Structure formats: structure tokens, C-alpha cells
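Visitor: I'd like to learn how to read a model like this one. Could you walk me through it?

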Amino acid sequence: MSSPSTGLVSVHVGQPEPNSEQERMLLAELQHQRDVGRRERAPRVPGDLAWEKHGLQPRWLGMETSDCAVAIEPGHFHNRGDAERDRFLAGAARRGELALVVAVIGDADGDELQRSLFSHYASVSLADMFTRVSGRRLPTGTRPEIAPDLSPADRDLAIRLLTRPPTAAWWALQLHGATTVRGDGFGGETHHPAQGTLEPILIDSLGAPVVAAWVSLAGDQRWYVLPDRVAWDNVLDWLMHKALPQYAPAVLRRTRSPHFVDPDLQTGDELSARAGLAELEERYTLDRTQFEQDLRVAEEKASPIRYGLLYGTGTELVEAVAAVLTAAGLSVIDLDAELGAPQSADLLASAPGSNRKLVEVKGAGGAAQENLVGYLQRHLDTWPQLRPDQPVDGGVLVVNHQHKLPPAERTAQVYTRPEFVAALTVSVVSSLQLFRWWRVRDWPAIRVAILGAEPSTVVAGPQPAPAQATSSEVSAAPTGRTRWWRKDRRGS
């Protein structure tokens with residue numbers, strides 16, 4: 001039985017035809033449900049997909065499905081779809097072909113996490129009326145891994161789905177049976193165990209499948225369960241170029257699809273070149289996915305420090321400075337947490353083989369006022385009464401000056417009046433300069449700027465690339481437990 005359009009493979013789609021009267025009535029009904037506070041599932045498959053571009057021809061609700069090779073979202077949909085699904089499965093069985101099905105689980109726009117008291121928030125009913133796949137929505141940011149020992153087609157699907165956005169929703173999948181009770185109240189409950197097997201394709205960090213294929217006991221049906229919000233053009237491309245060639249090649253031969261390259265008719269050189277190209281594409285996709293994940297992790301670590309140093313005030317700025325000093329190998333103590341705010345300076349920095357330094361952190365939207373130095377000097381004067389057994393060797397004032405200006409427009413030095421700079425008895429460092437050293441991992445420059453000299457022993461991060469700035473840019477440098485979360489008591 002061939003497709004009416006030569007070369008196109010028929011696909012059953014379990015929803016109304018786009019722009020049809022049936023679809024307009026459905027959309028009106030959905031809007032009414034939303035107006036009265038009820039949420040009903042909208043059609044998942046977009047109506048504007050380029051089906052013919054992928055060599056496919058959609059068959060919507062109400063159309064013949066017995067000659068279809070694939071079904072997408074079949075079954076009960078707003079009181080319709082059961083007959084089309086059953087004819088699709090019966091047609092595949094009569095031809096002796098594997099019935100390929102793509103089903104979607106979950107609702108990315110829903111509020112299942114807030115409204116449900118159950119452990120499973122979504123489900124997909126399979127061809128066996130007592131068997132379903134249930135899904136528990138996972139936390140945002142879940143990054144699945146490829147399950148082991150996959151077929152080439154399933155591995156290709158896994159790689160494609162790994163390219164979903166980092167905030168995409170995933171559901172942990174489980175296979176469930178059902179328990180029924182006689183309607184007349186006699187005979188008790190009957191438990192129907194789940195039929196078939198669930199083969200993981202992508203798994204979460206605990207090993208639970210988030211994408212899987214359900215295979216019927218007879219092996220004549222293969223249902224792919226995908227998360228909501230998949231890229232449908234990607235799925236259609238996978239169906240035509242990977243799933244059908246592996247699981248139902250007779251369909252492509254019968255329809256004479258121009259997208260199908262029959263391996264039985266290829267030379268050894270052709271097969272070898274195609275295999276090499278497929279391997280290259282897979283390696284590229286995996287590498288790109290890994291680099292994108294590495295970039296996200298790096299951005300998540302760097303963004304709070306970058307923003308805090310360049311634009312932060314108060315606690316946000318202090319935490320960024322503390323993080324940078326810690327990355328440079330210094331021991332940093334939050335004195336507000338240690339002594340209670342505002343008894344002393346913001347931080348106490350030290351390193352093996354070096355004396356301790358008090359670090360006061362300030363923010364200024366415009367030019368830094370010279371009286372900011374007085375805050376640090378008062379803390380130095382009162383320190384011997386607070387910690388007589390822990391002497392300090394001076395202090396450092398870190399200022400995020402002119403933070404209302406773009407970094408490129410700020411002055412290089414916090415203070416520029418020559419007489420004032422010459423009279424300083426403490427070091428003054430801009431948070432912008434700290435950022436520049438931190439960005440290129442110039443840990444020695446940071447240590448010298450804070451401690452006045454490189455300590456004899458220090459443990460820091462990897463050695464930096466060539467520094468773009470040196471400690472000579474500190475405004476003035478006299479001779480001579482990591483914890484920084486606290487309440488905000490600092491002005492801007």
C-alpha cells in the first residue's frame with residue numbers, strides 16, 4: 001500500500017487539521033476552558049511544519065491512517081482519536097511492519113508542581129489500555145546523559161535532544177500498570193501489571209529515564225516518549241533519516257522516498273563515506289553540547305563576581321571581593337559574621353608566611369570621597385581592642401568607584417589628587433582593577449595588592465595567562481576561615 005503522493009511517507013497526527021473548522025472549534029473550546037479557570041491540553045504539533053521538506057505527509061484526525069508508517073501523538077484527544085490510532089496499529093500489524101509512535105509527556109507551561117499532591121504529574125497512555133508511562137517533573141536545569149548501549153537511531157535521537165535549551169523541562173519516566181474495580185461493587189480489585197519494556201534513551205543524574213522507548217511484548221510497537229516542547233522539525237528529520245531507515249526500511253522502499261538511501265544498493269566506498277560523515281556529525285554535536293554546557297557553568301560561576309565587582313554595592317560587592325581573594329589563595333574571614341556588624345572592617349585577609357590585613361569595601365556611584373579612607377583607619381585603630389591576639393599589618397580599601405559609568409569610562413585610579421595619594425598610609429585598590437586581575441587569573445598581582453608582598457607559601461588556582469595589568473596600578477601600597485555571607489549594612 002503506497003502513499004497517495006509519490007515519495008511521501010504518510011504520518012498520522014492525532015489532532016485536527018490546521019485551519020480546519022474542527023480546529024477552530026477546538027481552539028474556541030480551549031479558550032472557553034481557560035476563561036472559566038480550567039486548563040485543557042492544546043495541540044502539541046505546530047500546524048506550519050514543512051512536512052514535504054522532510055518527505056512526510058500528515059494525516060490528521062478524521063483521515064485514513066491504516067497505511068501510515070508513523071503516528072505522532074495518537075490516541076484519545078478531546079473525545080476523538082481512538083479509531084485513527086487503532087486503524088494505524090492494525091494496518092502496521094497486517095503488513096508485518098513495526099509501528100513507530102512518537103508521544104509527548106508533560107506540559108512545560110503547566111503548574112503541575114504546585115497543584116499536584118501525587119508523585120507523578122503527567123502520563124502517556126499506550127496501546128495496552130492498562131499500561132501507561134508516568135512522568136515526574138524534574139527541577140529546572142536538569143542536564144540528562146545518553147543511556148548506554150543504544151541503537152544508532154536512538155543514539156542519534158539522544159544527541160539531538162541534548163541540544164534543547166538549558167531551562168527545558170524534563171520528566172523522570174516510569175512504566176505503570178493499572179488497578180480496576182468492578183462497577184457493580186463485587187469482586188474486589190484487579191491489578192493489571194504493566195506490559196512491555198521501557199528502554200532508556202536519555203537518563204538523569206540518578207539514572208531515571210527522561211526520554212525512552214516503550215516496546216510492546218510482541219515487539220511490534222515502538223513508542224518514543226519525548227518531553228514537551230521538542231523541536232518538531234528536528235524530530236521529523238530524525239524520523240525520516242534515522243528511525244524509519246533502521247526500524248521500517250520497507251516503508252521507504254515502498255514509497256520510493258528520495259530521502260532514503262538503501263544500503264543494500266550502495267558500494268563499499270559509499271557506505272564508508274556515509275559512515276564517516278555520520279560519525280563526524282555526531283562528534284560535532286556532542287562536542288558542541290559539551291562546550292555549551294561548560295560555558296553555562298562558567299557563566300554561572302563568573303556572573304555574580306563580575307557583576308559584584310563592576311556594579312555592586314553593599315553585601316553584593318563584599319561577597320565578590322571575598323570570592324576573588326579566596327580564588328587568589330588568601331584566607332578570608334567575614335568580620336561582620338565573626339564580630340557582629342559593624343564592629344570592624346568587612347574582611348580579614350591573610351596567607352601563610354604573611355601578616356593579616358583588614359579589608360574595607362566601599363561603593364561610590366561617582367568619584368570616591370576621600371573620607372572613605374577614614375573608615376578603614378578607624379577600624380585599624382580599634383582592632384587591637386577587638387582581637388589583641390591577632391595583630392594586623394595595615395589595611396586595604398577596595399572601592400567600586402564610578403559604578404554608574406561603564407567600566408571603560410571610569411578613571412584608572414580611585415583617587416587622583418597627588419597630595420592625597422602621597423599621604424595615604426593604607427593601600428587603595430579599585431574593584432575594577434581586581435576584576436581585571438581576576439579575569440586573567442593573575443593571582444600574584446591580587447596577593448601583592450592586598451598583602452603588600454607575595455607571601456612565601458600560598459595555594460591558589462591555576463597559573464594565569466599573561467596579565468593585562470600589574471600590581472603597580474594600585475593607588476598606594478605601604479610597606480610593611482572563608483566565610484562572607486552576611487546582612488547588608490553598607491551604603492552605596
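Visitor: Which residue just after helix 12 takes a positive phi?

Guide: That's arginine 441, with a phi of about 60°. Helices (H or I, at least four residues) are DSSP runs, numbered from the N terminus. This is a predicted model, where local features need pLDDT of at least 70, side-chain atom pairs count only at pLDDT 80 or more, and totals for chains, interfaces and linings use all residues. Residues are numbered from 1 along each chain as its sequence is written, and side-chain values use heavy atoms, leaving out hydrogens and water.

Visitor: How many residues of helix 12 are buried?

Guide: Buried means under 20% relative accessible area, using a 1.4 Å probe and protein chains only. In helix 12, residues 431–439, that goes for seven of the nine. They are Ser431, Leu432, Gln433, Leu434, Phe435, Trp437 and Trp438.

Visitor: What covers those buried residues of helix 12?

Guide: The cover includes helix 7 (268–311), helix 8 (314–327) and helix 13 (443–451). Strand 17 (392–401) and strand 18 (427–430) are also part of the cover.

Visitor: And which residues have the most contacts inside the largest nonpolar core?

Guide: A nonpolar core joins buried Ala, Val, Leu, Ile, Met, Phe, Trp, Tyr and Cys through side-chain atoms within 4.5 Å. Here the largest has 45 residues, and Trp51, Ile72, Tyr224, Leu226, Trp232 and Leu239 have the most contacts inside it. Helix 5 (residues 232–247) gives this core its largest share, nine residues.

Visitor: What is leucine 239 in contact with, leaving aside neighbours within four places in sequence?

Guide: Contact means heavy atoms within 4.5 Å. Leucine 239 meets Val70, Ile72, Val102, Leu244 and Pro245 that way.

Note on methods. Buried means under 20% relative accessible area, exposed over 50%, partly exposed in between (1.4 Å probe, protein chains only). Helices (H or I, at least four residues) and strands (E, at least two) are DSSP runs, numbered from the N terminus.
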